[in-house]
Every structure is written in C-alpha cells, then in structure tokens.
Amino acid sequence: MKKLIIINGPNLNLLGKREPEIYGHQTFEDYLARLKSKFSDVLIEYFQSNIEGELINKLQDVGFSYDGIILNAAAYTHTSVGIGDAVKAIKTSVVEVHISNTFSREDFRHQSYISQNAIGVILGFGLKSYDLAVESFLNP
Ligand code: DQA
C-alpha cells in the first residue's frame, strides 16, 4: 500500500472559518475523511503546524521512507528558505499544493521557495487540489 502524507502549514487549521470566500467553507478534517474514503487503497497521513521548524522536522522524518509528500506550506511557501532546503534535502518526492490560485493574488504570493524542488505544483482548484495531488502519485 502506498504511504502518502499531507503536510499543511500555518493557518490551514482554520479552514472553514478563515476567509471562506477564498478557502471555502469545509474544515480540513471533514475534507480529509472524504479523501481517505475516496482513496481507500492508499495510506494518507496528515500533519499540520503553524511553526516553521516543526514543518521542517516533519519533512525530515518522512522524507526518506514515504512514497510521496503533498505539501501546502501556506504563507511559508513565499518566505521560507529553510522549508525549500528541506524539500531539496529529502529523497521522497514532494507535490506542492495550494487551495487558491496564488498567481491571481498579490505579487508576494507569486514567489515559491518550494516549486523548484517539487516534482509538480497543483494550485487553484480549491480542496480538490489535494485530490489531484494524490492522483499524481497513483498515476505517475
Ligand atoms: C495557500 C496560499 C498562500 O499564499 C497562503 O498564505 C495560504 C494558503 C493556499 O493554499 O491557497 O495560507 O497556500
């Protein structure tokens, strides 16, 4: 069985309450339950932190043994050399995901420290971006 992990960065614990016009009305927990039942033949773990170093620790923990990492580093995408370096350092492939289309938003969201070392980037499809990322690991 393939083992994937979704790693979510800061403020994504507030999904459902946070700027619903951009991020939707669903909590990530509700969405994750549906995702897991849709992909019942894949092991999908989940980790969320608002703390940069915890995200780096998790990438290092899973980055040499898992089959894939789905990373939404949220605001740290645009600022964190440390998370970018961690993605480069590990062996497991990373798909970068964003719920919103970051290119249709403010200029500072157009920069990513992750994209250059990700195998791909999926953004702008709402929570469905995560479905597409899981599929990308199933049909490489
Ligand atoms: C986000 C986009 C980021 O620019 C923002 O800081 C987030 C969420 C997204 O999923 O659309 O927190 O990563």
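A residue is called buried when its relative accessible area is under 20%, exposed when over 50%, and partly exposed in between, with a 1.4 Å probe and protein chains only. By that rule alanine 74 is buried, with a relative accessible area of 11%. The structure is a predicted model, in which local features need pLDDT of at least 70, side-chain atom pairs count only at pLDDT 80 or more, and totals for chains, interfaces and linings use all residues. Residues are numbered from 1 along each chain as its sequence is written, and side-chain values use heavy atoms, with hydrogens and water left out.

**Overall build**

- The chain contains five helices and five strands, where helices (H or I, at least four residues) and strands (E, at least two) are DSSP runs numbered from the N terminus.
- Read from the N terminus, the order of elements is β-α-α-β-α-β-α-β-β-α.
- The radius of gyration of the chain is 14 Å, which agrees with the value near 14 Å for a compact globule of 140 residues. This radius is taken over C-alpha atoms, and the globule rule is 2.2 Å times the number of residues to the power 0.38.
- The C-alpha trace spans about 35 × 35 × 25 Å along its principal axes.
- Of the 140 residues, 46% count as buried.
- Among contacts with a separation of 6 or more, 78% join residues 24 or more positions apart; a contact means heavy atoms within 4.5 Å.

**Surface and charge**

- The accessible surface of the chain is about 6900 Å², and 50% of this belongs to carbon and sulfur atoms. Such areas come from the Shrake-Rupley method with a 1.4 Å probe, and for residues only the protein chains shown count as cover.
- The chain has 13 positive and 16 negative charges, whose mean positions are 3 Å apart. Lys and Arg count as positive and Asp and Glu as negative, while His and the chain ends are not counted. Each charge is placed at NZ of Lys, CZ of Arg, CG of Asp or CD of Glu.

**Nonpolar cores**

- In soluble globular proteins, nonpolar side chains tend to be buried together.
- A nonpolar core is a set of buried Ala, Val, Leu, Ile, Met, Phe, Trp, Tyr and Cys residues joined through side-chain atoms within 4.5 Å.
- The largest such core has 23 residues, and those with the most contacts inside it are Ile6, Phe28, Leu35, Ile44, Ile70 and Tyr130.
- Two or more residues of this core come from each of β1 (2-8), α2 (28-38), β2 (42-48), β4 (94-98) and α5 (128-138).
- A second, separate core has 18 residues, including Leu55, Leu59, Tyr76 and Ile90.
- Isoleucine 70 touches Leu4, Ile5, Ile6, Ile7, Val95, Val97, Tyr130, Ala133, Val134 and Phe137, leaving out residues up to four places away in sequence.

**Strand β4: valine 95**

- Valine 95 lies in strand β4 and counts as buried, at 3% relative accessibility.
- Beyond its neighbours within four places in sequence, valine 95 contacts Ile69, Ile70, Leu71, Ile119, Gly120, Ile122, Ala133, Ser136 and Phe137.
- Valine 95 and leucine 4 are 91 residues apart along the chain, and their C-alpha atoms are separated by 11 Å.

**Helix α5**

- The buried residues of α5 include Ser129, Tyr130, Asp131, Ala133, Val134 and Phe137.
- These buried residues pack against β1, α2, β2, β3 (68-72), β4 and β5 (120-123).
- Leucine 132 is also in α5, but counts as partly exposed at 26% relative accessibility.
- Leaving out residues up to four places away in sequence, leucine 132 touches Ile122 and Phe125.

**Loop residues**

- Asparagine 11 lies in the loop between β1 and α1 (20-23) and is partly exposed, with a relative accessible area of 35%. Its phi is near 75°, a positive value in a residue other than glycine.
- Alanine 74, in the loop between β3 and α4 (81-89), has a phi near 50°, again positive in a residue other than glycine.
- Glycine 124 sits in the loop between β5 and α5 and counts as partly exposed at 36% relative accessibility.
- Apart from neighbours within four places in sequence, glycine 124 is in contact with His98, Ile99, Ser100, Asn101 and Ser129.
- Glycine 124 and tyrosine 23 are 101 residues apart in sequence and 9.9 Å apart in space, C-alpha to C-alpha.
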